[in-house]
Amino acid sequence: MSNEEAEPSEIDTCHVSVMPDEVVYWVANPEVATTPPKVVIDGTYGGGGHSRLLLKAISDDGARVIGLDRDPAVSARVASETHDPRLTVFLASYEQAAKALDQFDLTTADAMVLDLGLSSDQLADRERGFSYTVDGPLDLRFDPENGVPASRWLAQHDEKQIADAIYQYGEERFSRRIARAIVAKQRERQPISTVNELVEICRRCVPRSRNHDIHPATRTFQALRIAVNDELGILERTLRDAPDWIAPGGRMVIISFHSLEDRIVKNAFRDDDRWEVLTKKPLRPSESEVAHNPRSRSAKLRVARRR
Ligand SMILES: C[S@@+](CC[C@H](N)C(=O)[O-])C[C@H]1O[C@@H](n2cnc3c(N)ncnc32)[C@H](O)[C@@H]1O
């Protein structure tokens, strides 16, 4: 069996990368990259799809891709795979990109890619609580070895804080009702510890949408995931610090799936003189990509170049 034939079965992921051609274009196409990129950071390695494409697009001559992911399941999977020697994946938040560069005695990268949110592998994992369609512990952490699971987060916050998080991060109109029901259940000494317990509360509190297009628990689960992982805080701090670790001319390519994330990216690129915005409006996946990969439908891609 040739290497090409062996490769797909060696890579154990069900995640389909979003906007793959666009990511490769903004990182490596000579129209954008005046000099071929040598050091690329894939800050959200996930199933490694973007990294594999980037490895094909960059030169063989001393170039490297540095992958980062907060999820220990990702680094365990990478350790069991045969992969390109130009790739190194660290178990770390993308906020730690400068430390990862330091491991190679580097201070800057020529491009950084962030593909925010969660992967299909995480959604499929019954132990993580990411999917409201599969019962399991209500965890929702990207890194189950650090921080607190969503069940404990709910026990540690009061009704107003829970309602505010569900409203702000989930844009859920019925956030107050949901928070009240969660706290009432906890007062009866019944902490919410499983996915199904929270789904049941959402079903009771959220009227079914007229066209039934969104599950009553969707927004609440999204909000708790964002809160438990401090997703917006990490994104803000990274955008503040990234100009220090992206080389002049280097690109920051960010795919977001949530309006709050997209706003943070848009404002950070616009308000910091060190960035030149290359995408005036966010790029969206093509119709054929959305038909192929429905998960891509809410993706927005923005790019800025370090001046
Ligand atoms: C949408 S997936 C990335 C998929 C990947 N681009 C691909 O093509 O296979 C997002 C990944 O980002 C990771 N992640 C989320 N927050 C992170 C953070 N602060 N630092 C590093 N990785 C993070 C998640 O664990 C998940 O594996």
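R189 sits in the loop between α9 and α10, with helices here being DSSP runs of H or I of at least four residues and strands being E runs of at least two, numbered from the N terminus. R189 has a positive phi of about 55° although it is not a glycine. It's also exposed, at a relative accessible area of 76% (buried is under 20%, exposed over 50%, partly exposed in between, with a 1.4 Å probe and protein chains only). Keep in mind that this is a predicted model, where local features need pLDDT of at least 70, side-chain atom pairs count only at pLDDT 80 or more, and totals for chains, interfaces and linings use all residues. Residues are numbered from 1 along each chain as its sequence is written, and side-chain values use heavy atoms, with hydrogens and water left out.

**Backbone and loops**

- Most residues other than glycine have a negative phi.
- E171 is another non-glycine with a positive phi, this one of about 50°.
- You'll find E171 in the loop between α8 (159–170) and α9, and it's partly exposed with a relative accessible area of 42%.
- P207 belongs to the loop between α10 (195–205) and α11 and is partly exposed at 45% relative accessible area.
- The C-alpha atoms of P207 and F174 are separated by 8.8 Å, with the two residues 33 apart along the chain.
- R177 is part of helix α9 (residues 175–187), and with a relative accessible area of 41% it counts as partly exposed.
- From R177 to L278, 101 residues apart along the chain, the C-alpha separation is 42 Å.

**Strand β1 and its partners**

- In strand β1 (residues 39–42), V39 and I41 point one way while V40 and D42 point the other way, and all are buried.
- β1 runs parallel to strand β2 (residues 64–69), joined to it by 4 bridges (two strands pair if DSSP finds at least two bridges between them).
- Across that pairing, I41 stands opposite I66 in β2.

**Rings**

- The model has 5 aromatic pairs, going by rings of Phe, Tyr and Trp (its six-membered ring) with centres within 6.5 Å; planes under 30 degrees apart count as stacked, over 60 as edge-to-face and the rest as tilted.
- One of them is Y132 with F221, an edge-to-face pair at 5.9 Å centre to centre and 70° between the planes.
- That pair links distant parts of the chain, 89 residues apart: Y132 is in the loop between α6 (120–124) and α7 (150–156), and F221 is in helix α11 (residues 218–228).
- Y132 is partly exposed, with a relative accessible area of 23%, whereas F221 is buried at 3%.
- R295 lies over the face of F257, at 4.9 Å from the ring centre (a charge sits over a ring if NZ of Lys or CZ of Arg is within 6 Å of the ring centre and within 35 degrees of the ring normal).

**Pocket and cavity**

- On a 1 Å grid over the protein atoms alone, a cavity is a set of points where a 1.4 Å probe fits but cannot get out, and a pocket is an open set with protein on both sides within 12 Å along at least five of seven lines; lining residues have an atom within 4 Å of a point.
- Grid points are joined across faces, edges and corners, and a volume is the space filled by probe spheres set on the points.
- The largest pocket holds about 1100 Å³ of space.
- It's lined by 31 residues, and the closest to its centre are T218, Q222, F257, R297 and S298.
- α11 and α13 (259–271) are the elements giving two or more residues to that pocket's lining, and α11 provides the largest share, 6 residues.
- There's 1 cavity of 30 Å³ or more in the structure, and the largest cavity has a volume of about 370 Å³.
- Of the 28 residues lining the largest cavity, T44, D69, D115, L116 and G117 are the closest to its centre.
- α3 and α12 (231–241) each supply at least two residues of the largest cavity's lining.
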